[in-house]
Amino acid sequence: VVKGARTTATPRLTPERVMQRLAETQHETALKHFGSFYSSELGGIVTQPGFMVVPMDDHMVHKGDAVAESVLLVDGYLYQLEARLARFRASAGLAGLPLPMSEERLLRVLLDTAAASMKMNGMLHFWLSRGRGTFGLVDTPCTSLYALLSTEVAYNTHIDRDNGWKAVASPVDPRSAYFTVLRSTSCIQSAVAQLEAYSRGADLGLFVDSAGTVLSGPDCSIAILTRDGALVVPPDDTGLAGMAARNVAELAMQYAGGDDLPIREVQRRLFTTQEVAAAAEAFAISSVIGVVGISHLDDQWIGEGAHEYAEQAGPVSLGLNEMLVADRQYRQGSDRHTEVPYGYMTGMRSQLQ
């Protein structure tokens, strides 16, 4: 068929063969970490990773036309679920994506998906897509909702928090302000910036505007500790401070002026690469990585003369990460934690509400 080449025919698969292939061709990460998956297209939850699929004609696949959110699952509680849902709804509104169900039904779907995984720790990811239909831009009859519980983040123990990360200013253009606030599934800028940083022997690429203002890292917020003790975190209205960075700012305010950490005050503003280079410490912050110290920017050590850990991240990064991890643990009366109703979906009758 192909002139000048010896080839074999491409198989035409029967539905039965497709089901067999899906069940058999599962990658290691899925087998180890994927607990449950909800699809509004299927109308329910599956727990076999091979069937956690999205149709090719879904606009999330061929256009990247979807919004996304994720919630940490910590010891059977979803951490800050209500706040994450509020941000999810805001992104959906900016993208013109109506929910395919009521908000009450959405909450039930997410809780049931988490419960069906039978996992106590991990991350619940969920997406709202323009939906299935044509390969045009917006011609779809209905939006689609997907959710997946993965334990991958629960085993995120490979980060070297003592030495910290080396960062470089990325040549990749940052997102516009509108799409910084709108949390979409289109992450190609972040992926390219991260790959470019790896090619230069760095761990992190920082998005920097033409004025030298540091905006963010790929899927993480950036903060600094000035030498006079000010923790500087981007303001909320820019979309550059993720939920974890906001939590760090709130928690640090409780300790400002105390003896536990050398933080005198918390400032919510943007800052430049020059301020990062001159800072006592710098941090990358997200729900996935927690707080990781940034030891270098463009091969220059951050914190020289400010602390005794030569060529390493400073001690405040470790303290802030410990505070963030502690805040994620359930406490009696906490308004940040939503219990997962495992009993209904798993038969764990002791937890049946």
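Mentor: Two strands are said to pair if DSSP finds at least two bridges between them, and strands themselves are DSSP runs of E with at least two residues, whereas helices are runs of H or I with at least four, each numbered from the N terminus. This is a predicted model, in which local features need pLDDT of at least 70 and side-chain atom pairs count only at pLDDT 80 or more, while totals for chains, interfaces and linings use all residues. Residues are numbered from 1 along each chain as its sequence is written, and side-chain values use heavy atoms, with hydrogens and water left out.

Trainee: Why is Arg268 called partly exposed?

Mentor: Buried means under 20% relative accessible area and exposed means over 50%, with partly exposed in between, using a 1.4 Å probe and protein chains only. Arg268, which is found in strand S12 (residues 265-268), has a relative accessibility of 33% and therefore counts as partly exposed.

Trainee: What makes the approach of Arg268 to Asp236 a polar contact?

Mentor: The term asks for a pair of N or O atoms within 3.5 Å, where within protein one must be able to donate a hydrogen and the other to accept it, and residues adjacent in sequence count only if both atoms are side-chain atoms. The two side chains, of Arg268 and Asp236, meet at 2.5 Å, and the side chain of Arg268 also reaches the backbone oxygen of Val233 at 3.4 Å. Beyond its neighbours within four places in sequence, Arg268 has contacts (heavy atoms within 4.5 Å) with residues including Pro234, Ala241 and Ala249. Ala249 is 19 residues from Arg268 in sequence, yet their C-alpha atoms are 8.4 Å apart.

Trainee: Is Ser286 buried or exposed, and why?

Mentor: Ser286 has a relative accessible area of 9%, so this residue is buried. Ser286 belongs to strand S14 (residues 281-286), and its side chain places a polar atom 3.2 Å from the backbone nitrogen of Val288 and reaches the backbone nitrogen of Ile289, also at 3.2 Å. Leaving out residues up to four places away in sequence, Ser286 touches Asp219, Cys220, Ala244 and Arg328.

Trainee: What makes the phi of Asp75 and of Asp298 worth a remark?

Mentor: Most residues other than glycine have a negative phi. Asp75, however, has a positive phi near 50 degrees, and Asp298 has a positive phi of about 50 degrees although it is not a glycine. Asp75 sits in the loop between S3 and strand S4 (77-79), and Asp298 in the loop between S15 and strand S16 (300-301). With relative accessible areas of 42% for Asp75 and 37% for Asp298, each is called partly exposed.
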